[in-house]
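Hello,

Here is the structure we spoke about, with some notes to go with it.

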Amino acid sequence: MKSDILSVTTKNEKETMVVAEKLAKTVGKGVVFTLIGDLGAGKTHFVKGFVKGLGSDELVTSPTFTLLNVYDKGRVPVYHFDMYRLENAEEGEALGFNEYFDLNSLDGVVFVEWPDKVEGMINCPHIEVKLEKITDGRKITISSVGGEK
Ligand SMILES: Nc1ncnc2c1ncn2[C@@H]1O[C@H](COP(=O)(O)OP(=O)(O)OP(=O)(O)O)[C@@H](O)[C@H]1O
Ligand SMILES: [Mg+2]
């Protein structure tokens with residue numbers, strides 16, 4: 001089950017970061033976010049804002065080649081994945097990524113760019129953040145996916 005929570009538009013990357021920064025103030029351990037959007041939609045900037053909102057001054061970079069970057073200087077640890085270079089869920093499982101999608105043991109907040117590349121791996125209830133390019137900015141739609149009705 002998926003249901004929309006809210007939709008906002010941002011004019012530039014700073015405004016997108018502010019949305020994520022505010023969200024970070026209210027979020028604790030054990031939450032998984034998927035980030036949906038084309039190349040350059042602003043997925044990594046959303047994580048940048050979130051990490052800042054947790055009180056960390058760590059430099060957030062794209063995990064395109066590392067697959068996973070960890071930011072642990074803020075109020076809760078952030079696990080930032082980019083699945084773009086993976087072929088399927090089996091590859092992710094072979095790398096031990098499943099453990100991050102078990103909400104009972106998750107000790108931080110997870111962000112996943114390109115979750116569709118590992119379809120079937122993210123079975124836990126999560127929050128989907130969709131970023132769409134529009135004239136003069138981005139439309140950001142936040143929805144809850146899965147979980148009890
Ligand atoms: N409203 C906006 N929100 C976020 N980014 C924006 C916005 N307007 C323009 N941009 C620009 O779009 C780009 C977003 O880059 P970013 O690396 O965050 O995208 P991404 O979705 O992570 O891409 P990739 O799929 O390549 O990892 C940046 O160059 C940023 O300046
Ligand atoms: Mg990115």
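Is Trp114 buried, exposed or partly exposed? The model is a predicted one, and in it Trp114 has 19 C-beta neighbours inside 10 Å. Trp114 is not a glycine, yet its phi is positive, near 55 degrees.

Leu67 also has a positive phi, about 70 degrees, without being a glycine. Leu67 sits in the loop that runs between H2 and strand S3 (68–71). With 17 other C-beta atoms within 10 Å, Leu67 is partly exposed.

Next, helix H1. H1 is made of 12 residues and spans 16 Å from first C-alpha to last, close to the expected 16 Å. Its buried residues are Thr16, Met17, Val19, Ala20 and Ala24. These cover an arc of only 155 degrees around the axis, so they lie on the same side of H1. Lys14 and Lys22, on the other side of H1, are exposed. The cover over the buried residues of H1 includes strand S1 (2–10), H2 and S7.

Last, ligand 1. There are 18 residues around it, and those that come nearest are Thr16, Gly42, Lys43, Thr44 and His45. Helix H1 (13–24), helix H2 (43–53) and strand S7 (137–145) each give two or more residues to this shell. By class, the shell holds 10 polar, six charged and two nonpolar residues.

Regards

Terms used. Residues numbered from 1 in each chain as written. Chains lettered and ligands numbered in written order. Predicted model: local features only at pLDDT ≥ 70, side-chain atom pairs only at ≥ 80, totals over all residues. Near = placed C-beta within 6 Å. Helix = DSSP H or I, 4+ residues; strand = E, 2+ residues; numbered from the N terminus. Nonpolar A, V, L, I, M, F, W, Y, C, P; charged D, E, K, R; others polar. Buried ≥ 20, exposed ≤ 12 C-beta atoms within 10 Å, placed from the backbone. Expected span 1.5 Å × (residues − 1). Arc of directions from axis to C-beta. Contact = placed C-beta atoms within 7 Å.
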